[in-house]
Amino acid sequence: MVPALHLVPHQTGTRLILPTAAVALLALAGCGSSNSGTQSPTTAAKTPAKAAAPQASGALRTADSSLGRIVVDGRGMTAYYFTNDKAGSGTSTCTGQCLQLWPAITTTATTPTATGVTGKLGTITRPDGSKQLTVNSRPIYTYAPDTQPGDVKGQGVGGVWYVLRPDGTMVTQSSGGSGSGGY
């Protein structure tokens, strides 16, 4: 629970005082370890306040970006791999609060479709029963701070999140600093 904020009278007006515990709690809010579905304190400040909804288009395509030709979801948002997910395991290690920052790209389609994606498409069943899209047997996600098609702000975050190419390989080059922060 976050402590209440206090208004403190001051000679020239009222000042807002954040208790040290509240600041620390806010800095630590969010996700942290790779298997617990949490993020590090350095990413918590960038975490949106509300959970991002999973995409249910079931369609993937390719698009040009600052990282070259990449895979995007049906809304044009960049798709990412989480390297803590093991290809072929049939599971995602991004759960709980992790999914707020890295929403799973899901589908309602029996057979996922893709335009220009040459990697092998598939799905895994998430604990909530939804079907998450996979490319080359790895689950894929979007990044909540990517607010417009073409954004690649999640590239390299924490050294575990990477954009994918149409053939399903990871892009490992830097996005020019947009992948800063941690996971």
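**View 1. Salt bridge between aspartate 73 and arginine 75.** In this predicted model, aspartate 73 pairs with arginine 75, and the closest N and O atoms are 4.0 Å apart. A salt bridge here is a side-chain nitrogen of Lys or Arg within 4 Å of a carboxyl oxygen of Asp or Glu. Aspartate 73 is buried at 0% relative accessibility. Arginine 75 is exposed, with a relative accessible area of 51%. The classes are set as follows: buried is under 20% relative accessible area, exposed is over 50%, and partly exposed lies in between (1.4 Å probe, protein chains only). Residues are numbered from 1 along each chain as its sequence is written. As the model is predicted, local features need pLDDT of at least 70, side-chain atom pairs count only at pLDDT 80 or more, and totals for chains, interfaces and linings use all residues; side-chain values use heavy atoms, with hydrogens and water left out.

**View 2. Salt bridge between arginine 69 and aspartate 64.** The two side chains meet at 3.1 Å, N to O. Arginine 69 is partly exposed, with a relative accessible area of 41%. Aspartate 64 is exposed at 59%. Side chains of opposite charge can pair when their charged atoms come close.

**View 3. Salt bridge between aspartate 151 and lysine 153.** The closest N and O atoms of this pair are 3.8 Å apart. Aspartate 151 counts as buried, at 17% relative accessibility. Lysine 153 is partly exposed, with a relative accessible area of 31%. The count by this rule comes to three salt bridges.

**View 4. Hairpin of strands β3 and β4.** Strand β3 covers residues 59–65, and strand β4 covers residues 68–73. Strands are DSSP runs of E with at least two residues, numbered from the N terminus. β3 and β4 pair in the antiparallel sense over six bridges. Two strands pair if DSSP finds at least two bridges between them. Two residues lie between the strands of the hairpin. Alanine 63 stands opposite isoleucine 70 in β4.

**View 5. Disulfide of cysteine 94 and cysteine 98.** The sulfur atoms are 2.0 Å apart. The cut-off for a disulfide is a pair of cysteine sulfur atoms within 2.5 Å. By this rule the model has one disulfide. The link of cysteine 94 and cysteine 98 is left-handed, with -105 degrees about the S-S bond. Cysteine 94 is buried, with a relative accessible area of 0%. Cysteine 98 is also buried, at 0% relative accessibility. A disulfide is a covalent bond between the sulfur atoms of two cysteines.

View 6. Glutamine 132 is buried, with a relative accessible area of 0%. Its side chain reaches the backbone oxygen of isoleucine 140 at 2.9 Å. Contact means heavy atoms within 4.5 Å.

**View 7. Methionine 170 in the segment after β11.** Strand β11 covers 161–163. Methionine 170 is partly exposed, with a relative accessible area of 26%. Leaving aside neighbours within four places in sequence, methionine 170 is in contact with Tyr81, Thr83, Tyr162, Val163 and Arg165. Methionine 170 and tyrosine 80 are 90 residues apart along the chain, and their C-alpha atoms are separated by 8.5 Å.

Definitions and conventions:
Helices (H or I, at least four residues) and strands (E, at least two) are DSSP runs, numbered from the N terminus. A polar contact is a pair of N or O atoms within 3.5 Å; within protein, one must be able to donate a hydrogen and the other to accept it, and residues adjacent in sequence count only if both atoms are side-chain atoms.
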